Amino acid sequence: MNQNKRFFEFRQNYTLGGLNIDQVLPDAVEQFNQWLEQAMFAKIPEPNAMTLATATPQGKVSSRVVLLKEIDERGLVFYTNYNSRKAAEIYLNPMAAISFLWLELERQVRLEGIIEKISPEKSNEYFASRPRENQIGAWSSDQSATIASREELSQRFAELEEKYKDKSIPRPPHWGGYRLVPKSIEFWQGGPGRIHDRILYTRTSEGWEKKRLAP
């Protein structure tokens, strides 16, 4: 069977607007916050969904979509299992990249930086805010490990549901938050004829430096 497929006809002409380097905010994180708020206002489904790319020290890259849960004074915070593949790669190589794609606004944001663990207290606070079934799920799933069947996972979930019946559920020690501390943030706005706008912010000792890149 010939499995060769081409997508030459899949084209979208971007026309919603431009991005002027003199009009974007001087602080890259504030500019990101502005775009995220606009994505939320546009009612884009899960505007906080972001692709997280990590790599081994040997350069083997993997990526997955996770959810942004907080932006604080240092960077972007997300939560996961500390025994997962992504966590193992972060432990050995904390350099990572994150990207957001908001097609409805013809926008993309790319961030690169260093990932660090957040404090246990901050992880406890977020875990306590999660729905109860999500809390049980964090205990029942040994993320990225091989399991025999879905029934095994369901059985584990049921056992924990019974164990914590009418009790508060503590945060598992293998579950918590990470923060990407961005060193660079690039804003991409689609343009007609593939003449897109790209503004790159780079963190310096004095703040953020910005420049325009060719599309």
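1. A residue is called buried when its relative accessible area is under 20%, and exposed when that area is over 50%; values in between are called partly exposed. The structure discussed in this note is a predicted model.

2. Helix H2 spans residues 85–92, and its buried residues are Lys86, Ala87, Glu89 and Ile90. These four cover an arc of only 165° around the axis, which puts them on the same side of H2. Tyr91 and Leu92 are exposed on the other side of the helix. An α-helix has 3.6 residues a turn, so residues three or four places apart point the same way.

3. What covers the buried residues of H2? Among the elements that do so are strands E1 (49–55), E2 (61–67) and E4 (76–81). Strands E6 (107–117) and E7 (175–189) are also included in this cover.

4. Gln189 belongs to strand E7. Its relative accessible area is 3%, so Gln189 is buried. A polar atom of the Gln189 side chain lies 3.2 Å from the backbone oxygen of Glu106. Leaving aside residues up to four places away in sequence, Gln189 touches Gly17, Gly18, Leu19, Trp35, Leu105, Glu106, Arg107, His196 and Asp197.

5. How many salt bridges does a search of the whole structure find? The search finds nine. One of them joins Arg110 to Glu186, with the closest N and O atoms 2.8 Å apart. Arg110 is in strand E6 and Glu186 is in strand E7, so this pair ties together parts that are 76 residues apart in sequence. Arg110 is partly exposed, at 34% relative accessibility, whereas Glu186 is buried, with a relative accessible area of 5%.

6. Arg179 and Glu116 also meet through their side chains in a salt bridge, at 2.6 Å from N to O. With Arg179 in strand E7 and Glu116 in strand E6, the pair links distant parts of the chain, 63 residues apart. Arg179 counts as buried because its relative accessibility is 8%; Glu116, at 25%, counts as partly exposed. Both residues belong to a network of salt bridges that also links Asp72 and Arg74.

7. A further salt bridge forms between the side chains of Arg212 and Asp197, at 2.7 Å from N to O. Arg212 lies in strand E9 (residues 207–213) and Asp197 in strand E8 (residues 197–204), 15 residues apart. Is Asp197 buried or exposed? Asp197 is buried, with a relative accessible area of 15%. Arg212 counts as partly exposed, at 41% relative accessibility. Asp197 is also one of the residues that Gln189 touches.

Note on methods:
Residues numbered from 1 in each chain as written. Predicted model: local features only at pLDDT ≥ 70, side-chain atom pairs only at ≥ 80, totals over all residues. Heavy atoms only, no water. Buried < 20%, exposed > 50% of the residue type's maximum accessible area, 1.4 Å probe, protein only. Helix = DSSP H or I, 4+ residues; strand = E, 2+ residues; numbered from the N terminus. Arc of directions from axis to C-beta. Contact = heavy atoms within 4.5 Å. Polar contact = N/O pair within 3.5 Å; in protein donor to acceptor, adjacent residues only side chain to side chain. Salt bridge = Lys/Arg side-chain N within 4 Å of Asp/Glu carboxyl O.
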